[in-house]
Amino acid sequence: QNSFCDQLLPRTTQILLEYNSGKWVPRLREPRDLYGLSSTADLHLVRWPHQYEVIREKIKHIEWIPSHPEPLYNPTGLEFEPQCLDPGEGAVVYLADEANKDPNFRYSRIGGCFPSKQVLPQSWNDWDNTLIFEARFESGNLQKVVKINDFEYQLTLRTDLYTNKHTQWYYFQVTNTQAGIPYRFTIVNFTKPTSLYNRGMRPLLYSEAEAKIHKVGWQRTGDQIKYYKNNFSSDGHQYFSLTWTFQFPHDRDTCYFAHCYPYTYSNLQDYLSAIARDPRRSKFCKIRILCHSLARNIVYVLTITNPLQDFNREKCKSAVILTARVHPGETNSSWMMKGFLDYLLGDSDNAQLLRDTFIFKVVPMLNPDGVIVGNYRCSLAGKDLNRNYRSDLKDSFPSIWYTRSMIKR
């Protein structure tokens, strides 16, 4: 079930002895790699479900810290609530290939499947002012976009793969923008009855032009923001909409919208690669492979401690275990983990004391597959890993099983 690229690499087989029913039972297995990064800190290629369409463009954003706290939106109570269009109304301007056409995950391939087509506006005469949408990139999530009028669009999110639910995370690209014109976006298939959008939270906008000209990264935007129950229901499920208005800052810009600040699996790999190349931090931070995910992406584990000459003292250190990103759509988890690692790997006296006192075992991303495909809660098993910490199904929930085994050790 490996891709053609894997067939080019020489593989060996190990004999593994497992204790079962009072006796040692031998079985064959493919060996797990030990090191998460090579000696030159080269990154492993990202693997996707075999049928998942992925554009070849690599999406990158600058890191930027605003000088002021994020502005909240103050609801007026007069916000407009657009209703869902009937099927056949409006012009479909984006339609991703149905990623859930298989009932469950079968196998993966490096880079996924290259898209064979792009849905365009129905009339080429409309092309000049029609926005162009894209979300077939890492952590992207968008299934369908319908153009209601010149500056209003209805968006449908893809559910978590191999499920028919869990739609709260969104991240997509928009091009062919016009500056200074009020646009309205309405996402119509959220599943939660309440949201922080009714408590002042705003969508995130990233402009490549603003990043290049003014070094400005992600920032909150939007007016007329409303989260509400809409007129769409299916199979007994009631759906909710998020609507907002905004203006693009530049003509012919490439912009992105997201629910929270994106942090992808590739972002994590870049971060770990920088640690591995750092002659100081790499002395007390060892990056290894905990296991492989269902798609055979690496689940990394970091061992962080100051080395001691006395082996007996090293054995007496207590362990502190931290994990993050069990839910792919909760990107704040990864940013908090990054802040923790920046501090623990720093030069402060407190960081030195922590490394002298403890051995830190850190799993920075428990659910890399879900992060890669843009899921909100689930892995490629179609299940919430946060509800399966007691499961013995190692093949279905490898990151949970191996983390639990590490804790026991």
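What is the volume of the largest pocket? In this predicted model, where local features need pLDDT of at least 70, side-chain atom pairs count only at pLDDT 80 or more, and totals for chains, interfaces and linings use all residues, the answer is about 1100 Å³. Residues are numbered from 1 along each chain as its sequence is written, and side-chain values use heavy atoms, with hydrogens and water left out.

A pocket here is an open set of points on a 1 Å grid over the protein atoms alone, with protein on both sides within 12 Å along at least five of seven lines, and a lining residue has an atom within 4 Å of a point. The volume is the space filled by probe spheres set on the points, which are joined across faces, edges and corners. Of the 37 residues lining the largest pocket, I59, T264, S266, N267 and D270 sit closest to its centre. Helix 3 (265–277) and helix 6 (332–344) are the elements that give two or more residues to this lining, and helix 3 has the largest share, with 5 residues. Sorted by class, the lining holds 20 nonpolar, 8 polar and 9 charged residues (Ala, Val, Leu, Ile, Met, Phe, Trp, Tyr, Cys and Pro count as nonpolar, Asp, Glu, Lys and Arg as charged, and the others, Gly among them, as polar).

Zooming out, the chain has 9 helices and 19 strands (DSSP runs numbered from the N terminus, helices being H or I of at least four residues and strands E of at least two). An open sheet of 6 strands runs in the order 4-7-8-10-14-13, with mixed pairing (two strands pair if DSSP finds at least two bridges between them). Strand 4 (91–95) and strand 13 (223–234) are at the edges with a single partner strand each, so one side of each has no neighbour in the sheet. Further in, strand 8 (residues 152–156) and strand 10 (residues 183–190) pair in the parallel sense over 4 bridges, and L155 has I187 of strand 10 as its bridge partner.

Note on methods
1 Å grid on protein atoms, 1.4 Å probe; cavity = no way out; pocket = protein on both sides within 12 Å on 5 of 7 lines; lining within 4 Å.
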